[in-house]
Amino acid sequence: MSTMKERMHTGELYLPGDEEILAVQVKKLEQLYDFNATRPSEMEKRSRLLREMFAEISDGCYIEPPLHANFGGGHVHFGKAVYANFNLTMVDDTHIYVGDYTMIGPNVIIATAGHPILPELREKGYQYNMPVHIGRNCWLGAGVIILPGITIGDNVVIGAGSVVTKDIPSNVVAVGNPCHILREVNEHDREYYFKDRKIDWEEI
């Protein structure tokens, strides 16, 4: 029979208050506390702590404190040059994968944990977790919420305030609650970066 700790990553119901789980979680949260207490000048200390905290974090990543994470990033995998603005919340009870060059706006929530609809099971404290996959070179606008089990493709823009309840394919702009595809990334985007503002390709 699998342990509660093993069930965290299988999608099975489990009890998050299990002693073995809590022992690991508290250590990770202590590191997260230290990261959030760093001064703006302590960049090397921040980088060192993130390498210790995260399951994987590649070169060039920057996370603006405060960061909130159930396991202090212990189940989070960041590719290279991922940027996260203030107040990123990652409910990382199981694995979260974020691809290279993805940008995360302020107050974004990425959740892997869910609770049964049946009240008797919630009363007993049961939970389940489903991993989240976010592709390469995405931009998650401010206040985006990503629910458990979601996969977002590459080169995706998710509009501010969107609630992502279903998978989103690559190369689209998606918005709303529930989040839906607005359009594909297209040739217009090669000419304009914002409304009527043209990209000066000679300067870039």
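Biologist: Let me start with one residue. What is the relative accessible area of Ala81?

Modeller: The value is 28%, so Ala81 counts as partly exposed. The reading rests on two cut-offs: buried means under 20%, exposed means over 50%. Keep in mind that this is a predicted model.

Biologist: Where is Ala81 found?

Modeller: Look in the loop between strand 4 (76–78) and strand 5 (83–84). Check the backbone there. Ala81 is not a glycine, although its phi is positive, at about 55 degrees.

Biologist: Which residue other than glycine has a phi near 60 degrees?

Modeller: Asn107 has that positive value. Go to the loop that runs between strand 8 (103–104) and strand 9 (109–111). Asn107 sits there. Its relative accessible area is 45%, which makes it partly exposed.

Biologist: What is Asn107 in contact with, leaving aside its neighbours within four places in sequence?

Modeller: Read contacts as heavy atoms within 4.5 Å. For Asn107 the partners are Phe86, Asn87, Gly143 and Val144. Then compare sequence with space. Asn85 and Asn107 are 22 residues apart in sequence. Their C-alpha atoms are 7.7 Å apart in space.

Biologist: Now the whole chain. How many helices and strands does the protein have?

Modeller: Count 5 helices and 21 strands.

Biologist: What box do the C-alpha atoms fill?

Modeller: Take it along the principal axes. The box is roughly 60 × 45 × 25 Å.

Biologist: What share of the residues counts as buried?

Modeller: Of the 204 residues, 38% do. The accessible surface comes to about 11,500 Å². Carbon and sulfur atoms hold 55% of that area.

Biologist: And contacts along the sequence? What share joins residues at least 24 apart?

Modeller: Start from the contacts between residues at least 6 apart in sequence. Among these, 26% join residues at least 24 apart.

Biologist: How far apart are the mean positions of the positive and negative charges?

Modeller: They lie 2 Å apart. The tally is 19 positive charges and 28 negative ones.

Biologist: Is Tyr33 buried or exposed?

Modeller: Exposed, at 59% relative accessible area. Tyr33 is placed in helix 2 as well. From Tyr33 to Gly72 there are 39 residues in sequence. In space, their C-alpha atoms are 8.7 Å apart.

Biologist: On to peptide bonds. What kind of peptide bond joins Pro65 and Pro66?

Modeller: Read omega. It is about 0 degrees here, and the bond is cis. Pro66 lies in the loop that links strand 2 and strand 3.

Biologist: What is omega for the bond between Asn177 and Pro178?

Modeller: About 0 degrees; this is a cis peptide bond. Find Pro178 in the loop between strand 18 (172–175) and strand 19 (180–184).

Biologist: Where is Ile181 found?

Modeller: In strand 19. Its relative accessibility is 44%, so Ile181 counts as partly exposed.

Biologist: Which residues is Ile181 in contact with, leaving aside its neighbours within four places in sequence?

Modeller: Pro169, Val172, Val173 and Ala174. Ile168 and Ile181 are 13 residues apart in sequence, with 7.6 Å from C-alpha to C-alpha.

Note on methods:
Residues numbered from 1 in each chain as written. Predicted model: local features only at pLDDT ≥ 70, side-chain atom pairs only at ≥ 80, totals over all residues. Heavy atoms only, no water. Helix = DSSP H or I, 4+ residues; strand = E, 2+ residues; numbered from the N terminus. Buried < 20%, exposed > 50% of the residue type's maximum accessible area, 1.4 Å probe, protein only. Areas by Shrake-Rupley, 256 points an atom, 1.4 Å probe, with all protein chains shown as cover. Lys, Arg positive; Asp, Glu negative; His and termini not counted. Charge placed at Lys NZ, Arg CZ, Asp CG, Glu CD.
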